[in-house]
Amino acid sequence: MGLRESRGNMYNWVSHVHTHLAGECQHKCSYCYVGQTLRGRPEKYKGEPRLLEKEFFVDYGRGRTIFIEHMNDLWGPKVDDDWIGRILAHCKTYPENLYVFQTKDPARAKNFLGLFPPKMLFGTTIETNRAIPMSQAPPPIERYKAMLYFKELSIFKLFVTIEPIMEFDLNILMGWIKEISPAFVNIGADSKGCDLPEPDPYKIKALIYLLGKMGIEIRKKTNLGRFGIKGEGHG
């Protein structure tokens, strides 16, 4: 695959994406976009997780914002500790880039603090505060609790992604985000027609407004358009 420019349903503030991992993500989220292409899940992303040795020869250059393992989860349950260490070491070899890591198991990432590159953003997905069956990942409340650990460390910037946004309790979700105190929050909707339990538009608008009043930057995806909310960039 190699390093490639970010396109499509990706964060518009990310310049490049790269993955060292093949196989299916073990979180098995019901809304996962990887298996929803016109031809179904690519062969590369089927089966057990495995390491792509050739990807360690990719030159990351400098001055880029690179989303690492955008097709998988670096801290997924079947990703070997040694693989994680090698991937982080690859990033550290090119310290003049900003690296983006997003995981649905931030608690596991605690074990790798000394291996992170110097410039990075660390985020998690919190689609809702409710226990809605949607994947085999740790539930949102566990992700929220783990992010509080990183907040106390204050060694790199955090972000939260609320996408695809699902039915939620306004005061609770707002409280979680406030406690995590992220540098920014991405908010997006289900863009694949996965029949998810979605909130009324007024609740999404209220969440955006109230988080903004707290001084938290909101980065809205264009897929919020069907809720009457203007997004930014592609997505």
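In β5, H18 has I68 as its bridge partner. This contact belongs to a parallel pairing of β2 (residues 16-18) with β5 (residues 65-68), made over three bridges. Two strands count as paired if DSSP finds at least two bridges between them. The model is predicted: local features need pLDDT of at least 70, side-chain atom pairs count only at pLDDT 80 or more, and totals for chains, interfaces and linings use all residues. Residues are numbered from 1 along each chain as its sequence is written, and side-chain values use heavy atoms, with hydrogens and water left out.

**Overall form**

- The protein has five helices and 10 strands. Both are DSSP runs, numbered from the N terminus: helices are H or I with at least four residues, strands are E with at least two.
- Along the principal axes, the C-alpha atoms fill a box of roughly 50 × 45 × 30 Å.
- Of the contacts between residues at least 6 apart in sequence, 72% join residues at least 24 apart. A contact means heavy atoms within 4.5 Å.

**Surface and charge**

- The accessible surface comes to about 10,800 Å², and 51% of this area belongs to carbon and sulfur atoms. Areas come from the Shrake-Rupley method with a 1.4 Å probe; for residues, only the protein chains shown count as cover.
- Buried residues make up 51% of the 235 residues. Buried means under 20% relative accessible area, exposed means over 50%, and partly exposed lies in between (1.4 Å probe, protein chains only).
- The protein carries 33 positive and 27 negative charges, and their mean positions are 4 Å apart. Lys and Arg count as positive, Asp and Glu as negative; His and the chain ends are not counted. Each charge is placed at NZ of Lys, CZ of Arg, CG of Asp or CD of Glu.

**The sheet**

- Eight strands form an open sheet with mixed pairing, in the order β1-β2-β5-β6-β7-β8-β9-β10.
- Its edge strands are β1 (4-5) and β10 (217-220), and each pairs on one side only.
- Strand β6 (residues 98-103) runs parallel to β7, and five bridges join them. Here Q102 stands opposite G123 of β7.
- Strand β7 (residues 120-125) also runs parallel to β8, again with five bridges. Across this pairing, L121 stands opposite K157 and T124 stands opposite V160.
- Six of the six residues of β7 are buried, so the strand is largely enclosed by the rest of the structure. M120, F122 and T124 point one way, while L121, G123 and T125 point the other way.
- β8 is mostly covered too, with five of its six residues buried.

- Most residues other than glycine have a negative phi, and most peptide bonds are trans.
- E69 is not a glycine, yet has a positive phi of about 60°. This residue sits in the loop between β5 and α1 (81-92). E69 counts as buried because its relative accessibility is 1%.
- D195, also not a glycine, has a positive phi of about 55°. The loop between β9 (184-187) and α5 (201-213) holds D195. With a relative accessible area of 75%, D195 is exposed.
- The peptide bond from E163 to P164 is cis, with omega near -5°. P164 is found in the loop between β8 (157-162) and α4 (170-180).

- P133 lies in the loop between β7 and α3 (140-153). Its relative accessibility is 79%, so P133 counts as exposed. P133 and D169 are 36 residues apart in sequence and 16 Å apart in space, C-alpha to C-alpha.
- K44 lies in the loop between β3 (21-22) and β4 (50-51). K44 counts as partly exposed because its relative accessibility is 27%. From K44 to R4 the separation is 40 residues in sequence and 16 Å in space, C-alpha to C-alpha.
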